[in-house]
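I opened this model to see how its parts meet. My notes follow.

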Amino acid sequence: MATSQADARDRQFLAVIGDEDSVTGLLLAGIGHVTAPPDSQKNFLVVDNKTDNAAIEAAFDRFTTERKDIGIVLINQHIADRIRHRVDTHTAAFPTVLEIPSKDHPYDPEKDSVLRRVRRLFGE
Amino acid sequence: MTTTNPHLPLQDATASPSSPTEEGNPYNTQIDALLTRYLHLLDEYTTLRSSLSSLQAGMYQNLARANFTAERGVRYGKEYFDERMVASRRVVVKVGKRKGNGKGKGKGDEKEEEKEEEEEGHGGEDEGEQKAEFGVGVVGVDEVEVVKEKKEEEEEEGVKQNEEKNAKKESEEVLGKHQEAKKEVIQKAGTTATTPTPTTPVSPDDSSETPSNPDNDTEDDKEDETKKKKIRRKNDPLRWFGLLTPLPLRLAQTQAIQAVEQIIPRLVTVNAEMAQVEIEVRRARKRREKEAAVKAKAKAAATAKDAK
């Protein structure tokens with residue numbers, strides 16, 4: 001208990017994996033953070049057509065497992081679809097992953113992990 | 001769009017919980033209470049979802065407008081991101097026990113449940129019993145720095161408090177004896193040591209350098225102040241895109257802030273709460289099944305006896 005509480009308290013950043021407009025918009029809100037120079041770790045990843053799935057997966061792993069200072073990971077839904085197996089296997093309470101709509105891909109409730117959980121609960 | 005689809009499972013919801021066993025079963029009422037709470041959460045989730053969608057749509061529209069009116073070749077995007085950005089909005093996670101959270105169920109049920117949870121005591125339940133509440137708030141960079149400084153001070157003071165006092169006294173005495181030429185400066189050092197300024201804590205080894213510190217103190221403070229002012233000015237992400245930013249970009253910023261401060265933390269909290277209720281529902285269902293199996297066995301045994 002005590003350890004997880006302390007763990008939660010250290011999680012003070014939001015992280016974003018998204019297309020350029022999503023990241024730009026959210027960084028405008030002041031959530032962007034780059035750590036001190038030697039590592040210079042960013043808490044965001046801009047994904048474009050050239051970004052391959054391995055890079056997205058690596059960023060997702062970095063935000064969810066390696067870094068202990070991230071509380072919420074925001075990821076565009078269409079990008080989450082590209083690494084769906086990784087997103088769905090992330091079940092830890094911290095950091096929590098939230099899929100957000102993007103400019104070209106509006107929110108699709110069919111793909112929403114929460115609503116799929118709802119269906120599973122009632123479909124049993 | 002968003003509101004119609006999630007409501008589809010609701011029809012199943014009303015049908016499924018009461019069907020398997022007879023009414024009046026305490027587990028059924030408990031499960032029903034949990035499910036009503038769950039549906040309330042689901043309702044909140046869907047409304048939050050739709051408001052997030054509309055907010056973000058507005059944000060994208062404003063970004064597009066800003067890019068459209070921008071000079072040729074200028075695109076408000078990653079090229080302008082500051083490489084040394086510091087987050088001004090941060091997450092605050094409150095983790096508490098779930099006890100005060102039982103809105104939809106009676107007190108009796110709650111107590112029962114707690115007992116049973118204690119009895120079961122699986123390892124995996126530790127996470128489930130906690131209730132996490134997320135919030136996002138503004139943290140001024142200078143505030144962060146001040147907090148850090150204070151922490152450092154406290155730590156240093158905590159560790160060295162006693163040592164320092166003794167060491168300073170000793171060092172002053174020693175210096176006073178051996179370096180009479182610098183006596184006046186040392187007296188200055190003595191006065192600054194009594195008033196707690198951030199740079200004064202000095203380890204005993206550095207005591208020979210103390211005379212030079214107090215003179216720099218005021219300069220350091222001034223430098224710090226100017227630095228903080230600079231950082232504060234820099235810290236508005238709008239400044240990455242120039243001094244005079246177009247109105248649509250500023251509108252996009254306000255929408256993004258609204259999403260980040262109000263919608264996203266609430267969405268995440270509701271999500272966590274829903275996951276928690278899901279676990280409880282599954283647990284209650286299992287218990288109900290167990291009880292039903294026990295009853296069925298007892299009945300079978302009774303009928304077998306009667307047959308004999």
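I began with a pair of helices from two chains. Helix 2 of chain A and helix 8 of chain B are roughly perpendicular to each other, a label for angles of 65 to 115 degrees, while under 35 counts as roughly parallel, over 145 as roughly antiparallel and the rest as oblique. Their axes cross at roughly 80° and come within 7 Å. Axes here are lines fitted to C-alpha atoms, for helices over the stretch in contact, and angles run from 0 to 180 degrees between N-to-C directions. Helices (H or I, at least four residues) and strands (E, at least two) are DSSP runs, numbered from the N terminus.

Before going on, I noted the ground rules. This is a predicted model, where local features need pLDDT of at least 70, side-chain atom pairs count only at pLDDT 80 or more, and totals for chains, interfaces and linings use all residues. Residues are numbered from 1 along each chain as its sequence is written, and chains are lettered from A and ligands numbered from 1 in the order in which they are written.

Which residues make the contact of these two helices? I found G25(A), L26(A) and L28(A) on helix 2 of chain A, and A252(B), Q253(B), A256(B) and V260(B) on helix 8 of chain B. Contact means C-beta atoms, placed from the backbone, within 7 Å. By class I read 5 nonpolar, 2 polar and no charged residues. Ala, Val, Leu, Ile, Met, Phe, Trp, Tyr, Cys and Pro count as nonpolar, Asp, Glu, Lys and Arg as charged, and the others, Gly among them, as polar.

Next I took the whole interface. 43 residues of chain A touch 50 residues of chain B. Among the elements that give two or more residues to chain A's side are helix 1 (2-10), strand 1 (13-18) and helix 6 (113-123). That side has 25 nonpolar, 11 polar and 7 charged residues.

Then I stayed within chain B. The axes of helix 2 (residues 26-69) and helix 8 (residues 247-307) come within 8 Å and cross at roughly 160°. That makes these two helices of chain B roughly antiparallel. Their contact has 27 nonpolar, 7 polar and 10 charged residues.

Last, I checked the backbone of chain A. Most residues other than glycine have a negative phi, and most peptide bonds are trans. The bond from F94(A) to P95(A) is cis, with omega near -10°. P95(A) sits in the loop between helix 5 (84-89) and strand 4 of chain A. S40(A) has a positive phi, near 45°. S40(A) lies in the loop between helix 2 and strand 2 (44-46) of chain A.
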